[in-house]
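Biologist: I'd like a close look at one spot here before I start asking about the rest. Could you put the sequence and the model up and walk me through it?

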Amino acid sequence: MKLLRPVLLNVFTWSLVFLIAFPLVWMIVTSLKPQSELFRIPPTWIPESVTFEHYWRLLSETPFLRYFRNSVVLATTTTLFVVALGTLGAYSLVRFTYRGRETLALLVLFTYLLPSVVLIIPLYLMMVTLGLSNTLFSLILAHTTFALPYALWLLRSFMEGIPEDLENAALVDGATRIGAFRDVIFPQLLPGIISTALFTFILSWNEYLYALVLVNSDAVAPLTTGVMSMLISAFNIEWSLLMAASVMMSLPLIVVFAFLQSYLTSGFGAGGVKG
Amino acid sequence: MTAIATDPPRSAVSSPLERAYARLGVLLIAPTILVFTLVIVYPLLAAIYLSVFSIYTPTLQGGFVGADNYVELLTGKAFWNSLRVTLIWTVGTLTLQIVAGVGLALLLHQNIWFRSLARSLVLFPYFLSTVVAVLVWKWLFNDLYGALNHGLMQLGIIDMPLDWLGSMPNAMIGVILVGAWKYFPFVVIAVLARLQTIPENLYEAARIDGAGPIARFWDITLPQLRSVLTVIILLRAIWDFKEFDLLYLLTGGGPVTSTQTLSLLVYQEAFGLNQMGQAAAYSVGMMLVMLVFMVLYIRQTKEKA
């Protein structure tokens with residue numbers, strides 16, 4: 001009994017984990033099945049033959065690579081912009097005293113919880129008036145609406161975790177505030193900045209609603225709306241092609257998970273869910 | 001530092017250095033404030049302003065209608081129907097997320113084989129793009145070739161393939177399930193982090209007192225998790241309440257309007273029915289409902305600070 005218990009616990013836990021991961025396994029399995037095997041009833045749980053033809057078709061016959069490039073530009077620019085602003089902003093919110101600081105922090109938290117659909121209508125009007133609709137720039141601006149409050153909130157928590165004495169010691173040694181920030185705060189904050197950047201990148205990479213409303217030209221569509229339009233436009237839904245697209249779309253995420261996962265978990269602790 | 005030394009000690013707040021620091025602080029936050037005003041504060045106020053106009057989306061022409069949009073909101077069926085749907089969706093998916101999240105966190109806290117791999121696999125859906133999640137689940141839900149129907153049939157749970165997203169109540173159950181699958185990892189991570197900080201001697205003391213695993217869960221684990229669970233529930237309630245992508249992509253609000261939450265109603269009114277003013281009014285109404293949760297959450301986080 002003493003020996004059996006851990007085995008049972010393991011089997012039980014791993015069955016649940018497998019059940020949760022099954023949709024992802026199925027996504028990969030489907031993307032590797034030849035067309036002839038796909039519509040077998042009942043489905044073959046383990047593919048009888050493996051093919052990469054869907055990936056090849058995705059890259060050579062569909063605009064997938066263009067969507068991918070758009071998403072890379074969009075998510076990277078948003079991340080750089082938001083993290084740069086957010087780092088300075090968080091430093092100011094945590095380590096300086098001036099009137100209205102508390103109100104500002106509260107406003108950040110409020111916007112962090114605000115629903116996108118409230119902002120989408122005025123933003124749409126704004127972009128049309130400025131002649132910015134159907135540009136990647138309009139999406140970068142729109143993504144700031146959720147990414148900036150999020151990044152500020154995360155960075156603020158990370159900044160609060162840096163002992164104030166470190167900065168004071170540098171100031172006593174004659175450093176300026178900016179010098180102290182560069183030499184003392186920034187190196188300490190770097191893991192937090194990386195974590196925030198990863199979260200922002202993923203948020204921007206995955207965003208759908210703004211892309212749906214602000215961009216209707218295929219040339220600037222990011223992956224989210226681009227891949228969905230491949231589903232809608234097809235007369236016969238090509239599931240294996242869509243699953244291949246899904247796998248490819250998740251690539252950055254897989255890379256992050258394989259190499260930088262600790263940054264994601266530390267971001268969770270900072271993101272306002274501390275117990 | 002000389003500034004402080006030579007300054008008469010009137011008040012620390014108004015010393016030249018302090019004032020210079022305050023100016024620098026404002027300077028550092030200024031770009032953020034500028035962007036905030038441009039893309040968040042202005043649109044937010046504009047949404048409230050637009051809600052008293054009637055605007056036809058394609059031409060953006062229209063006129064002032066006063067409170068008409070709000071009268072329609074209060075007396076029409078659309079808003080209340082969507083509010084009801086939103087509450088069903090939120091409560092349903094949130095309950096599943098919490099139960100599954102706490103359960104799996106407890107399991108993954110144990111010493112199991114390849115624990116970090118198991119944790120990674122459980123975490124993954126949370127970071128996955130909603131578009132990818134929806135595509136995969138649409139394929140799983142497919143009535144003819146879907147793995148879900150065939151799996152359930154092979155296990156003998158159902159004898160006929162089910163129409164998962166096209167009829168009620170299956171469509172609601174479907175979106176609640178996918179929502180729970182996508183978002184419960186959030187609960188797992190937050191609870192796991194908290195579990196690791198519960199002092200082991202609490203459990204030892206309980207064991208000496210003869211408490212079984214179930215009693216230990218109710219008497220030690222759950223009370224220790226209480227505060228983190230309150231925050232998780234409020235935060236997830238807010239996020240589930242405003243969820244758009246998942247529902248829009250899975251069912252589009254259908255069949256008819258059975259899964260049309262408030263977010264979808266606003267979108268549909270603005271870009272489907274082309275009534276921007278009315279849509280803005282709905283969005284303001286939605287925000288007012290959410291304000292209750294937001295105030296609760298903000299108070300909760302302030303309490304801890």
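Biologist: Going by relative accessibility, does Arg95(A) count as buried or exposed?

Modeller: Arg95(A) counts as buried, because its relative accessibility is 10%. The cut-offs are under 20% relative accessible area for buried, over 50% for exposed, and partly exposed in between, using a 1.4 Å probe and protein chains only.

Some ground rules before we go on. This is a predicted model, where local features need pLDDT of at least 70 and side-chain atom pairs count only at pLDDT 80 or more, while totals for chains, interfaces and linings use all residues. Residues are numbered from 1 along each chain as its sequence is written, chains are lettered from A and ligands numbered from 1 in the order written, and side-chain values use heavy atoms, leaving out hydrogens and water.

Back to your spot. Arg95(A) makes a salt bridge (a side-chain nitrogen of Lys or Arg within 4 Å of a carboxyl oxygen of Asp or Glu) with Glu167(A), and their closest N and O atoms are 3.3 Å apart. That pair ties together distant parts of the chain, with Arg95(A) in helix H4 (residues 64–95) of chain A and Glu167(A) in helix H8 (residues 164–172) of chain A, 72 residues apart. Helices here are DSSP runs (H or I, at least four residues), numbered from the N terminus. Glu167(A) is buried too, since its relative accessibility is 2%.

For contrast, Arg182(A) pairs with Asp183(A), closest N and O atoms 3.3 Å apart, and Arg182(A) counts as exposed at 54% relative accessibility. Shared partners also join Arg57(A), Glu61(A) and Glu238(A) into one salt-bridge network. Within it, Glu61(A) meets Arg57(A) with the closest N and O atoms 3.3 Å apart. Those two sit 4 residues apart in helix H3 (residues 53–61) of chain A, so about one helical turn separates them. Glu61(A) is exposed, with a relative accessible area of 55%, whereas Arg57(A) is partly exposed at 23%. Over all chains, the whole structure has 9 salt bridges.

Now for the chain–chain interface: the count between chain B and chain A is 0 salt bridges. What you do get there is 9 residue pairs in polar contact, both residues at pLDDT 80 or more. A polar contact is a pair of N or O atoms within 3.5 Å; within protein, one must be able to donate a hydrogen and the other to accept it, and residues adjacent in sequence count only if both atoms are side-chain atoms. Helix H2 (residues 16–50) of chain B gives the most to the side of chain B that touches chain A, with 22 residues.

In all, 95 residues from chain B and 92 residues from chain A take part in the contact, meaning heavy atoms within 4.5 Å. The area buried between the two chains is about 8600 Å², and carbon and sulfur atoms give 83% of it. Phe127(B), Leu135(B) and Trp139(B) supply 9% of the area that chain B buries against chain A, more than any other three residues. Buried area is the accessible area (1.4 Å probe) that two parts lose on being put together, summed over both.
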